[in-house]
Amino acid sequence: MSLGELARCASDASGLIELLIRHQPVGAGSDPAVRSAHRRALEALRQAAESAQSPFGIGLAGELSAGNSLLLGLLLGLPELLPVGDEAVTGNVTVIHAKAAGPEVRESRESAVRVEYFTEPQAIAYLRHLRDAIADQAEDSGLDARTAAQLRQVEFQDPDCRELVHFRDAHLSGDLAKPMAGVLGELDLIDEALNRVRMLGRPLLGFTAELNDTLARSAVVLPGPAEYRALDPRTTGDGITAELLRATLPLVRRVVREVHVAPSVWHLNDFPGGELLLLDFPGLNNAFSAVRDQYVCGAELRSVYTLLILLKTTGGATDTPERIMRMWQAAQRPDAMENSVLAVISRFHELRVSEATLGP
C-alpha cells in the first residue's frame, strides 16, 4: 500500500466512524444483532484509523558492524547521531522519532533523548525467554529430556534469576556447558545486573530518564564481558551516569531519540503526520548478547512495517535470516514476512577483488 492509499484509508475510516456514530441503532425496537454488528464495525474502524494515522515504522536489522547505525544517521542528515565502529557497537535498540522540521530549517537536529529500562513484567518475560533458550541449547548439547523439562518449569515470580543460576550450577557444567558458553554468559550478565540494582537500592526497573548525548551513547555502546564485570556503579552517586548505564545495560529496554529532519534531507511530510519511526537494532549474531538482542528486537517489531536487513559482503554465511524470522514469529506478526522485508548488502569496500572488477 502506498502512502497516498494509506492517507485515503485513514480519511475514509474517519468519515465512516462519524457516519456510524450519527446513525447508531438504539431503542427497544432495534435488533440486538444489528447493535452488536454496529459496535464491532465501529471498533474495527477506530483501530484501522489509529493504525493508518500512527507513525510509519522502519526497522534496520542485520549482522554485526554491517553499517545499520551509520546508514540511519545518513538518512536523517546526522551521520554522527549514533555510535559506529568497525567492531560491534550497538548493544540496545534505538528508536528514533523523526519529525518534519519547518521549511525554514536548513539542518536536521536532535531535540531529546531518553533511556527506558525494562519494567518488571518485561524483565520477567526476558528471563523466561532466556530460560527457554538455555533449555533448547542444553538439549542440543546432550541434556536428557527429563532434566530439560525440569528446566523449562523454572518460574519467575519477580525479576530474580537465582533459581535458574542454581539449576545451571547443578546440571549444566563441564563438557555440557562448553557449547553453551554464550547463552550461559548472558545468564551471568543479567544476574549481575539484577544484583547491582539490588545492591544500589534503586528502582531502575520501569525507570525512564532524560539523557545528554554522552550518556545516550553509554546506554547503547556494548562493553565486552571483561569490561562489563569490572564496572562498579557504587562509585557513581545518586544520578544517572555513564558507569551506571553501562553496568546495568542488560536491563535497558531501549533508547528513544527525537530528531527534527530538515526538508532538504527528507520530505517527511509525505508520511502520515509528518513523522517516521526508525528503529536501529543491535547486530543479531553477537555471542555476548544474542538471546537478549533477539528478545528486545522482537518486542519492537510490532511497530515496524518494513524491515531493512543489512548483510555484509565478507565473513561467510550466518544465521541472521533465521534469527530475524524467529524475531518476526515471536512478535506474533500475522502478515507475510516477504511483503515487509528489504535486503541490502553492505561494506563493498571489503570485497577481495581487484579495482578493475569492483568498478563495474
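1. A search of the whole structure, which is a predicted model, finds 4 aromatic pairs, a pair being counted when the ring centres of Phe, Tyr or Trp (its six-membered ring) lie within 6.5 Å, with planes under 30 degrees apart called stacked, over 60 edge-to-face and the rest tilted. One of them joins Phe-118 and Tyr-295 in an edge-to-face arrangement, at 6.0 Å centre to centre and with 70° between the planes. Phe-118 sits in the loop between strand E3 (109–117) and helix H4 (120–140), while Tyr-295 belongs to helix H11 (residues 290–300), so this pair ties together parts that are 177 residues apart in sequence. Helices (H or I, at least four residues) and strands (E, at least two) are DSSP runs, numbered from the N terminus.

2. Tyr-295 also pairs with Tyr-126, this time tilted, with 5.7 Å centre to centre and 45° between the planes. Since Tyr-126 lies in helix H4 and Tyr-295 in helix H11, the pair ties together parts that are 169 residues apart in sequence. Through these ring pairs Phe-118, Tyr-126 and Tyr-295 are linked into a cluster. Phe-118 and Tyr-295 are both buried, and Tyr-126 is buried as well, where buried means under 20% relative accessible area, exposed over 50% and partly exposed in between (1.4 Å probe, protein chains only).

3. Residues are numbered from 1 along each chain as its sequence is written, and side-chain values use heavy atoms, with hydrogens and water left out. Local features in this predicted model need pLDDT of at least 70 and side-chain atom pairs count only at pLDDT 80 or more, whereas totals for chains, interfaces and linings use all residues.

4. The structure holds 17 salt bridges, each defined as a side-chain nitrogen of Lys or Arg within 4 Å of a carboxyl oxygen of Asp or Glu. In one of them the side chains of Glu-155 and Arg-128 meet at 2.8 Å, N to O. Glu-155 lies in the loop between helix H5 (145–152) and helix H6 (162–171) and Arg-128 in helix H4, so the bridge ties together parts that are 27 residues apart in sequence. Glu-155 counts as partly exposed at 35% relative accessibility, and Arg-128 counts as partly exposed at 34%.

5. Arg-253 forms a salt bridge with Glu-300, with 3.3 Å between the closest N and O atoms. Arg-253 is in strand E5 (residues 252–261) and Glu-300 in helix H11, so parts that are 47 residues apart in sequence are tied together by this pair. Glu-300 counts as buried, at 4% relative accessibility. Salt bridges that share partners join Arg-114, Glu-116, Arg-253, Arg-254 and Glu-300 into one network.

6. Arg-168 and Asp-169 meet through their side chains in a salt bridge of 2.9 Å, N to O. Here Arg-168 counts as buried at 15% relative accessibility, whereas Asp-169, at 47%, counts as partly exposed. Phe-167 has its place in helix H6 and counts as buried at 9% relative accessibility. Leaving aside residues up to four places away in sequence, Phe-167 touches Thr-147, Gln-150, Leu-151 and Leu-172, contact meaning heavy atoms within 4.5 Å. Phe-167 and Gln-150 are 17 residues apart in sequence, and their C-alpha atoms are 9.2 Å apart in space.

7. Thr-94 is found in strand E2 (residues 93–100) and is buried, with a relative accessible area of 2%. Not counting residues up to four places away in sequence, Thr-94 touches Leu-82, Val-220, Val-255, Arg-257, Leu-278, Leu-279 and Asp-280.

8. Helix H7 (residues 181–200) has 20 residues and reaches 28 Å from its first C-alpha to its last, close to the 28 Å expected at 1.5 Å a residue, the expected span being 1.5 Å times one less than the number of residues. The buried residues of H7 include Val-183, Leu-187, Ile-190, Asp-191, Leu-194 and Val-197. After H7 comes Gly-201, whose phi is positive, near 65°.

9. The largest pocket has a volume of about 370 Å³. On a 1 Å grid over the protein atoms alone, a pocket is an open set of points where a 1.4 Å probe fits, with protein on both sides within 12 Å along at least five of seven lines, and lining residues have an atom within 4 Å of a point; the volume is the space filled by probe spheres set on the points, which are joined across faces, edges and corners. Of the 18 residues that line the largest pocket, Ala-133, Gln-137, Val-291, Gln-294 and Arg-323 lie nearest its centre. The elements giving two or more residues to this lining are H4, H7, H11 and helix H12 (320–330), and the largest share, 6 residues, comes from H4.
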